[in-house]
Each structure stands twice: as C-alpha cells, then as structure tokens.
Amino acid sequence: KILDSMIVNRLLVQAAYEKGIDGDEDVARVVLANKDKFLLDVLYQRDIADKAKVTDTEVKDFYNKLEYKIRASNIIVNSEDTANMILDSIKNGANFEQLAYDHSIDPSAKRNRGDLRYFTYGARVDEFQDAAFQMEPGQVSPPVKSKYGYHIIKLVDREKNDARKDFDSMKDQLRQQLERKKQMELIEAYMNQLKDVYKISVDTGTVQLVVHKR
C-alpha cells in the first residue's frame, strides 16, 4: 500500500510537470512565500540534525547513568559570592529549606522550598546533574555554576530506578532523547553565534505603541 501510494504520487507530479504547472504564477507565488521555510529546513538539516548524531557508546553510557534515581533540593542564586554566603550559613546550622524559600531565585522555591523530588539522569541541566549524581545522601555541594546561576545542592536520597528496563528495549528511545538534547544545545550555540555577528536593535517607540494599543 505504501509503495502504491508513492507510485501514484510520483505519477501525479510527473503529470503536473508535463502540463507546465511548475511554471504557473500561482505555484511560483507559493514557492516564493515559503522560501524562508525551505531555507530554514535545509539550514537545520545541515547545521543541526546532521551534527547531532550520537554514538553507541554515548547511548550505553546514558543507560548506565539511569541505574539510580535521586531526590535533591536546590538553592539557586545569581552570584557566586551569594552562594558562598548561603553555604556558610548551612555549615553553621541554618535550615536549607528555609534558605531556599528566602533566597532562591527559582520561583517554585516559594512553594516547594527547593525540593525537586525524585528524578533520573537527563532530567536536569548537565552541570547540576553531574554534581548531584556524584553526591551521597545528606551531602551539600559547593556552588555549581550553570546557565541559570549558581546552585547549592543537597542530596536527600538515592534509590534504584525501577523504571529502567533492559538495554535493548530502551536503546532507541535513549538515542532519540540524546539526539534531541544535542539538537537543542546546537541550536542554542548557533543562535548565540548569530547574535554576536548580527547586531539587533529594537524600535522602542513602536514597541511602546503596540503595548499601548493592546
């Protein structure tokens, strides 16, 4: 059925060419209107998708890291100095959860006091999870820098990850997950590169007018 469908589609396209429809003004207008999308599709394929392939070794390493799930609490602040002051307070007996409530820039800390509940490897930003999965329950980390700020991590618990199945049944899913992660990282890096090359200016008068009208 799939092959028959492909054959029918190919025959119809061939018929359209023979009738000269590819040179029709309406077709040219549609192609022109979608030119930017076509360009973006090719750009994404060449500079992102083709570079986001993962190796079998990377997939296996990711699988091994899923052996455990951990429960951690987090305080995140904007500066290393602030993080070190909070860490000193913890060492002097201050309550971690109260400090998270008082100082963490994560809005959810006002609700959960920094408790991130249980999670497996891959659920958090790399710098955070690489540090957290090396810790022992009860341990508090020194400041860990990520793109979100400076984290102070307290490991609450570590348990076997019962959701992890055998490798063969999970490898395709894990490969896709790793490729999506690489794609997002490549997109972010590429966009930062473009922002450095092409300077952006904002017409604030127009912005204010739009806001006023809304």
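## Strand pairing

Two strands count as paired if DSSP finds at least two bridges between them. In this predicted model, serine 146 has glycine 149 of S4 as its bridge partner. Strand S3 covers residues 144–146 and pairs with S4 in the antiparallel sense over 3 bridges. S3 and S4 form a hairpin, with 2 residues between them.

S4, residues 149–160, also pairs with strand S1, residues 68–77. The S1 and S4 pairing is antiparallel and runs over 10 bridges. Within this pairing, valine 77 has tyrosine 150 of S4 as its bridge partner. In a regular strand, side chains alternate between the two faces of the sheet.

## Overall make-up

The protein chain holds 10 helices and 4 strands. Read from the N terminus, the order of the elements is α-α-α-α-β-α-α-α-β-α-β-β-α-α.

The radius of gyration of the protein chain is 26 Å, whereas a compact globule of 214 residues would have one near 17 Å. Along the principal axes, the C-alpha atoms fill a box of roughly 85 × 60 × 30 Å.

## Burial, contacts and surface

Of the 214 residues in the protein chain, 25% are buried. Among contacts with a separation of 6 or more, 68% are between residues 24 or more positions apart.

The protein chain has an accessible surface of about 15,400 Å², and carbon and sulfur atoms account for 53% of this area.

## Serine 146

Serine 146 lies in strand S3.

Leaving aside residues up to four places away in sequence, serine 146 touches Val125, Glu127 and His151. Its bridge partner in S4, as given above, is glycine 149.

## Isoleucine 2 and helix H1

Helix H1 spans residues 2–18 and includes isoleucine 2. The relative accessible area of isoleucine 2 is 67%. Exposed means over 50%, so isoleucine 2 is classed as exposed.

Isoleucine 2 and valine 13 are 11 residues apart along the chain. The C-alpha atoms of isoleucine 2 and valine 13 are separated by 17 Å.

## Two arginines with positive phi

Arginine 113 is not a glycine, yet has a positive phi of about 55°. Where does arginine 113 lie? Arginine 113 is in the loop between helix H7 (109–112) and strand S2 (115–120). With a relative accessible area of 34%, arginine 113 is partly exposed.

Arginine 117 also has a positive phi, near 60°, and is a residue other than glycine. Arginine 117 lies in strand S2. Its relative accessibility is 51%, and the cut-off for exposed is over 50%, so arginine 117 counts as exposed.

Methods. Residues are numbered from 1 along each chain as its sequence is written. This is a predicted model: local features need pLDDT of at least 70, side-chain atom pairs count only at pLDDT 80 or more; totals for chains, interfaces and linings use all residues. Side-chain values use heavy atoms; hydrogens and water are left out. The radius of gyration is taken over C-alpha atoms; the globule rule is 2.2 Å times the number of residues to the power 0.38. Buried means under 20% relative accessible area, exposed over 50%, partly exposed in between (1.4 Å probe, protein chains only). Contact means heavy atoms within 4.5 Å. Accessible areas come from the Shrake-Rupley method with a 1.4 Å probe; for residues, only the protein chains shown count as cover.
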